[in-house]
Amino acid sequence: MPQSSGSPPHKTSSVGLIVFLGRIPGRAYLLIAVLIFAASNSVTRVLIDRGEEIAAGGVNPVSLCNVLFVGNLCALLVLIPIYQKELRPSVFRQFSASSWLSLIAVAVLSGALAPALIFAALDLTTVNNVILLSRIEPPLTLALSVLFLRERVNVWIVAGAVLAFVGVALTVLLQDPTAVDMPAMGPQIGLGELLVLGGSVAAAIATVISKQSLQNVPLGFFTTFRTALGTVVFFVSVILFFTPSHFTEVFSPLLWRWMFVYGAIIVVGGQLAWFAGLQQSQAGEVSLANSFNPIAGILAAFLILGEAPTPAQYLGGAVILGGIVLNQAGVRQSPRMGAPDTVSSMKEMDIEAGFKGI
């Protein structure tokens, strides 16, 4: 009787796949993640527009509340099996009371409040405005880190942060207030713009808390807990402060089909590629990849939505790009140029990556 040699075909193919994935350079993972994150705003806007079309003929299953709630649930269905080893009861018992309070604060800020504000803003202003105005988050995070954590930065990083802040201000103040649907709540500032700024502030505060208090929390546990608690907080907040009718049609098969694909590809796929890139790349490479996010986002808005930048967005974007260049010059002189091999630094870079779909 002939004897088979070697490993079973399914085992060989699995090992081959693992080896193949391990050979992919970290920069390739970062590029994939940045492209996915960049498309998230435009894809979300497509979902919002599609929901409004459906609503014209009756109840809208693809509403803001349904998209955020169901999208998070679908993401959890993928995240929990992936990080099940980090979700064991023994891991829960390792954290102090202060760590739990910090985890809860970060989950509420970056897992519930910031995404909800960004989602709402996408319904009120242009995708390019959301992309450019959210660049206020890195300089704000830097300012808070210097003020509260006594973090040391060089002059190039400070100059880049100041220039990015100026670019955001120009984008807001020079735009045509009649270009958005909502009435202006200031000389040139609409409600959508204010929501973006509010979401960026929440994310910046979450980053600073993470830097200070979440040094020893596993990355997988951090990501899953943030998504889970953010989902619960969002659901309870809508029920308490609004009405349960906001979740009408939440069990619509159409909604779940769309959101399972959205959550699996945009949220989980992007984050897994991002984490793989963090583990295999230098800090300078991660910062450079993150800096391309607004450029890729504007390009995605043009390709997916046909949304061309306005003169104010061109000017503000050019100034923001100059700030990114200065920031990169500062990063290259920073002692953090090595690989972000600590869990803490990886969490910081994850939050600093900005809006990632949900």
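**Before starting**

The model is predicted: local features need pLDDT of at least 70, side-chain atom pairs count only at pLDDT 80 or more, and totals for chains, interfaces and linings use all residues. Residues are numbered from 1 along each chain as its sequence is written, and side-chain values use heavy atoms, with hydrogens and water left out.

**The whole chain**

Display the protein as a cartoon. It has 15 helices and zero strands; these are DSSP runs, numbered from the N terminus, with helices being H or I of at least four residues and strands E of at least two. Of the 358 residues, 49% count as buried. Here buried means under 20% relative accessible area, exposed over 50%, and partly exposed in between, with a 1.4 Å probe and protein chains only. Among contacts between residues at least 6 apart in sequence, 88% join residues at least 24 apart, where contact means heavy atoms within 4.5 Å.

**The largest nonpolar core**

Next, select Val70, Phe234, Phe247, Met259, Tyr262 and Trp274. Within the largest nonpolar core, which has 41 residues, these touch the most other members. A nonpolar core is a set of buried Ala, Val, Leu, Ile, Met, Phe, Trp, Tyr and Cys residues joined through side-chain atoms within 4.5 Å. At least two residues of this core come from each of α2 (26-55), α3 (64-82), α5 (97-122), α10 (219-241), α11 (253-280) and α12 (283-291). Which helix gives the most to this core? It is α11, with 11 residues.

Centre the view on Met259. Not counting residues up to four places away in sequence, Met259 touches Leu47, Val67, Val70, Gly71 and Cys74. A second, separate core of 20 residues can then be coloured; Leu117, Ala120, Ile136 and Val196 are among its members. In soluble globular proteins, nonpolar side chains tend to be buried together.

**Helices α2 and α11**

Angles under 35 degrees count as roughly parallel, over 145 as roughly antiparallel, 65 to 115 as roughly perpendicular and the rest as oblique. The crossing of α2 past α11 is left-handed, meaning that the near helix is turned anticlockwise from the far one by less than a right angle, whereas clockwise would be right-handed. The contact of α2 with α11 has 20 nonpolar, eight polar and one charged residues. In this classification Ala, Val, Leu, Ile, Met, Phe, Trp, Tyr, Cys and Pro count as nonpolar, Asp, Glu, Lys and Arg as charged, and the others, Gly among them, as polar.

**Helices α7 and α9**

Now select α7 (137-149) and α9 (residues 191-213). These helices pack at an angle of about 40°, with their axes 9 Å apart, which makes α7 oblique to α9. α7 passes α9 in a right-handed crossing.

Leu149 is partly exposed, with a relative accessible area of 23%. Its contacts, leaving aside neighbours within four places in sequence, are Leu144, Val208, Lys211 and Gln212. The C-alpha atoms of Leu149 and Val208 are separated by 8.0 Å, although the two lie 59 residues apart along the chain.

Move on to Arg150, in the loop between α7 and α8 (155-173). Is Arg150 buried or exposed? At 65% relative accessibility, Arg150 counts as exposed. Arg150 also has a positive phi of about 55° although it is not a glycine. Most residues other than glycine have a negative phi.

**Two last selections**

Select Asp123, in the loop between α5 and α6 (127-133). Asp123 is partly exposed, with a relative accessible area of 34%. Not counting residues up to four places away in sequence, Asp123 touches Ile48 and Glu52.

Finish at Leu303 in helix α13 (residues 293-305). Leu303 is exposed, with a relative accessible area of 63%. Leu303 and Ser42 are 261 residues apart in sequence and 9.2 Å apart in space, C-alpha to C-alpha.

Notes: Axes fitted to C-alpha atoms, helices over the stretch in contact; angles between N-to-C directions.
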